[in-house]
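Okay, everyone, thanks for coming.

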Amino acid sequence: MFKTKLILSDRPLNINIKSDDIKFINLSSLKIANCIGCYGCWTKTPGKCVIRDDAVKIYPDIAKSDKLLYISRIKYGGYDTIMKTMLERAIPVQQAFIRLVAGETHHVQREVAPKNATIIAYGEISDEEKEIFRKLVARNAHNMNFESYQIIFTTELQLEETVASEVEKWEASLS
Amino acid sequence: MGSIIILNGSPRAPKSNSKRYAGIFSDNCKCNTEYFNISKTNHYELCGKLGNFTDMLFVFPLYADGIPVTLLNFLKTLEQNPPENKPVVSILINCGFLEYKQNDVAVSMMKLFCKQNGYRFGSVLKIGSGEAILDTPFKLLVVRKIKKFADSISLSRYCTLQTTMPISPKMFVKASTTYWTNYGKRNGITKEQMETMQIEK
C-alpha cells in the first residue's frame with residue numbers, strides 16, 4: 001500500500017508546505033454531507049459510501065496515511081462540526097464485523113495503515129474540556145488505527161504557528 | 001409529576017434503534033412524554049418547545065466515539081437559543097459495541113454542555129450491544145432498565161444506569177458476525193464481499 005502524509009484541517013491555513021509528500025486538505029472548502037447511518041458502506045457497497053460527495057476522496061487518503069495531522073476546533077470536549085462530520089463519514093474504512101482489541105470489542109479495519117497521529121485542538125479550551133478530549137482521542141486510537149498519537153492544545157491566535165512548527169518537524173523527518 | 005420532551009439525535013432518526021428505545025421509554029414512563037426527531041431544519045422549532053417541559057431526554061447512538069453531528073449541531077443552536085425555563089437533561093445512549101463504557105466520553109460531552117449552559121444534569125442510561133439487543137431474548141433486560149430509568153426521571157431521583165448483553169466478548173464477536181452477515185444477505189451481499197479490504201475501489 002502506498003502510504004501518505006496527510007493534514008486535514010477544518011479551516012484554511014496560511015502555511016508553507018515544501019514537501020510534495022505531504023497532502024494538505026482544507027475540509028471547510030469541500031462539500032461533505034452528514035453520515036445518514038444507512039450502513040450501506042458495510043452491507044451494500046462494502047468499502048464505499050453511498051453518498052457520492054467530496055468525502056469519498058478523503059477517507060481513502062485517511063486510510064493510506066501513516067502520518068496524520070488533524071486540526072480542529074473543539075466543542076464540548078470533542079471535534080467541532082467540520083472535522084466530526086468527516087470522521088463520521090470515514091466509516092467505510094472499517095468493516096461491520098467486530099474484533100477484540102485489548103479485550104474490548106471494536107470494528108475490523110479494512111486496508112488502513114497504522115498511524116502516527118497528531119491532533120492540534122484549538123479554541124478557548126478549559127482544563128475539563130481538554131481532559132474529555134484526551135479521553136476521546138484515546139478511544140479514537142483504538143477505532144482509527146493510531147499506533148501512536150499526540151495532542152497539542154492551542155489558541156486560535158497561535159494556530160498557524162503551531163501547525164507550521166509541526167509541519168517543519170515532518171519535513172525534517174522526511175529529508 | 002413533570003413532563004418529558006424526548007429528542008432523538010440519531011442521524012437516521014425515523015428508522016433508528018434510538019427511536020425504538022424512545023418508544024420503550026414512553027411506554028414505561030409515568031409522566032407525559034412528547035417525542036421529536038432532531039432534523040437539520042427543526043432546531044429553532046424544538047428550542048421553542050423546551051421551556052414547556054420539566055425534563056429533556058436525549059436519545060442517541062455513539063458515533064465515532066462521541067456525540068453524532070446531528071446532535072452536536074442541535075446543541076450549538078440550543079446554546080444560542082436557550083429556553084427561559086431550562087429542563088433537566090437526561091441521556092439514553094447506545095453503542096454497537098459490547099461495552100457500555102465506550103459511551104462514557106459522549107456522556108462527559110453532554111455533561112459539559114449542561115455545565116457550560118446552566119442545565120441541571122439528570123439521569124443516564126448507557127446501553128452496550130445496542131444495535132442488536134432489541135432483537136434478542138436480552139431485550140427483556142433493556143426494557144427493565146429503561147423502566148427504572150424512566151422512573152428515575154419521573155420521580156426526579158436521578159441516577160446512572162447501564163446494560164448490555166450478558167455474554168463474553170468472544171461470544172459477542174461470534175453473535176455480531178452472524179448478525180451482520182444476515183444484514184448483508186438481505187442486501188444480496190455475501191460475508192466475503194463485506195470483508196473486502198479495499199476502500200473505494
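Take B:Cys47, which at 6% relative accessibility counts as buried. B:Cys159, at 27%, counts as partly exposed.

Before going on, the housekeeping. This is a predicted model, where local features need pLDDT of at least 70 and side-chain atom pairs count only at pLDDT 80 or more, while totals for chains, interfaces and linings use all residues. Residues are numbered from 1 along each chain as its sequence is written, chains are lettered from A and ligands numbered from 1 in the order in which they are written, and side-chain values use heavy atoms, with hydrogens and water left out.

For B:Cys47, the nearest cysteine sulfur belongs to B:Cys114, 14 Å away.

Now the inside. A nonpolar core here is a set of buried Ala, Val, Leu, Ile, Met, Phe, Trp, Tyr and Cys residues joined through side-chain atoms within 4.5 Å. The largest has 99 residues, and among those with the most contacts inside it are A:Leu8, A:Tyr70, B:Leu7 and B:Phe58. Its largest share, eight residues, comes from helix H4 of chain B, residues 104–117. Let's look at B:Phe58: setting aside neighbours within four places in sequence, its contacts (heavy atoms within 4.5 Å) include B:Leu7, B:Phe74, B:Ile91 and B:Met110. There's also a second, separate core of 13 residues, including A:Leu69 and A:Tyr122.

Last, chain A. Counting DSSP runs, with helices being H or I of at least four residues and strands E of at least two, numbered from the N terminus, chain A has five helices and eight strands. Its radius of gyration, taken over C-alpha atoms, is 16 Å, close to the 16 Å from the globule rule for 175 residues, so chain A is as compact as a globular protein of that length. That rule is 2.2 Å times the number of residues to the power 0.38. And of those 175 residues, 60% count as buried.

How values were computed:
Buried < 20%, exposed > 50% of the residue type's maximum accessible area, 1.4 Å probe, protein only. Disulfide = S-S within 2.5 Å.
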